[in-house]
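Welcome! Please take a moment to look over the sequence and the 3D view before reading on.

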Amino acid sequence: MKKYRIRRLQHEVDGVDYISKYVTGLKKVGITYKACCPFHREKTPSFTIYPKGYLTRQGPQDHDSFYCFGCDAGGDIIKFQEVLHGVTR
């Protein structure tokens, strides 16, 4: 997939809405969202979604991202889809 198409998807797709279809018990915690990770079994939520505008060391994010503190999976919504279905770019 061309880089400009990937960037377009990152900006147009609401990552929180999209990822919420694959995780259960998604709850808003401050500006982020937390749930149990869809990639491994856990009892305590360690899967976090960071929405557009989340402030990082490099400045505000321009796209939604996720990170799991339990299995170390992370990335944008495209990476989420890749990990979920076992495919790569």
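Predicted model: local features only at pLDDT ≥ 70, side-chain atom pairs only at ≥ 80, totals over all residues.

This report walks through some strands, a loop, the salt bridges and the aromatic rings.

Within it, Phe-66 has Gly-75 of strand 7 as its bridge partner.

## The hairpin and Asp-72

Strand 6 and strand 7 form a hairpin with five residues between the strands. Asp-72 sits in the loop between the two. Is Asp-72 buried or exposed? Its relative accessibility is 55%, and because exposed means over 50%, Asp-72 counts as exposed.

The backbone of Asp-72 deserves a look as well. Most residues other than glycine have a negative phi. Asp-72 is not a glycine, yet its phi is positive, near 70°.

## Tyr-67 and its surroundings

Which residue does the side chain of Asp-72 meet in a polar contact with the side chain of Tyr-67? To put it plainly, the two side chains of Tyr-67 and Asp-72 make that contact with each other, at 2.3 Å. Tyr-67 belongs to strand 6 and is partly exposed, with a relative accessibility of 27%.

Beyond its neighbours within four places in sequence, Tyr-67 is in contact with several residues, including Ser-46, Phe-47, Thr-48 and Tyr-50. Asp-72, Ala-73 and Gly-74 are also among its contacts. As for Ile-78, eleven residues separate it from Tyr-67 in sequence, and their C-alpha atoms are 13 Å apart.

## Two salt bridges

How many salt bridges does a search of the whole structure find? The count is two. One of them brings together the side chains of Arg-7 and Asp-62, at 2.6 Å from N to O. Arg-7 is in helix 1 (residues 3-12), while Asp-62 is in the loop between strand 5 (59-60) and strand 6, so this pair ties together parts that lie 55 residues apart in sequence. Arg-7 is partly exposed at 37% relative accessibility, and Asp-62 is partly exposed at 36%.

In the other salt bridge, the side chains of Arg-8 and Glu-12 meet at 3.0 Å, N to O. Both residues lie in helix 1, four residues apart, which is about one turn of the helix. Arg-8 is exposed, with a relative accessible area of 54%, and Glu-12 is exposed with 56%.

## Aromatic rings

The whole structure holds ten aromatic pairs, according to the search. In one of them, the ring centres of Phe-66 and Phe-80 are 5.5 Å apart and the planes stand at 85°, so the pair is edge-to-face. This pair links distant parts of the chain: Phe-66 is in strand 6 and Phe-80 is in helix 3 (residues 77-85), 14 residues apart. Both Phe-66 and Phe-80 are buried.

These two rings also belong to a cluster, in which ring pairs link Tyr-18, Tyr-22, Phe-39, Phe-47, Phe-66 and Phe-80.

Methods
Residues numbered from 1 in each chain as written. Heavy atoms only, no water. Pairing = 2+ DSSP bridges. Buried < 20%, exposed > 50% of the residue type's maximum accessible area, 1.4 Å probe, protein only. Contact = heavy atoms within 4.5 Å. Polar contact = N/O pair within 3.5 Å; in protein donor to acceptor, adjacent residues only side chain to side chain. Salt bridge = Lys/Arg side-chain N within 4 Å of Asp/Glu carboxyl O. Phe/Tyr/Trp six-rings, centres within 6.5 Å; stacked < 30°, edge-to-face > 60°.
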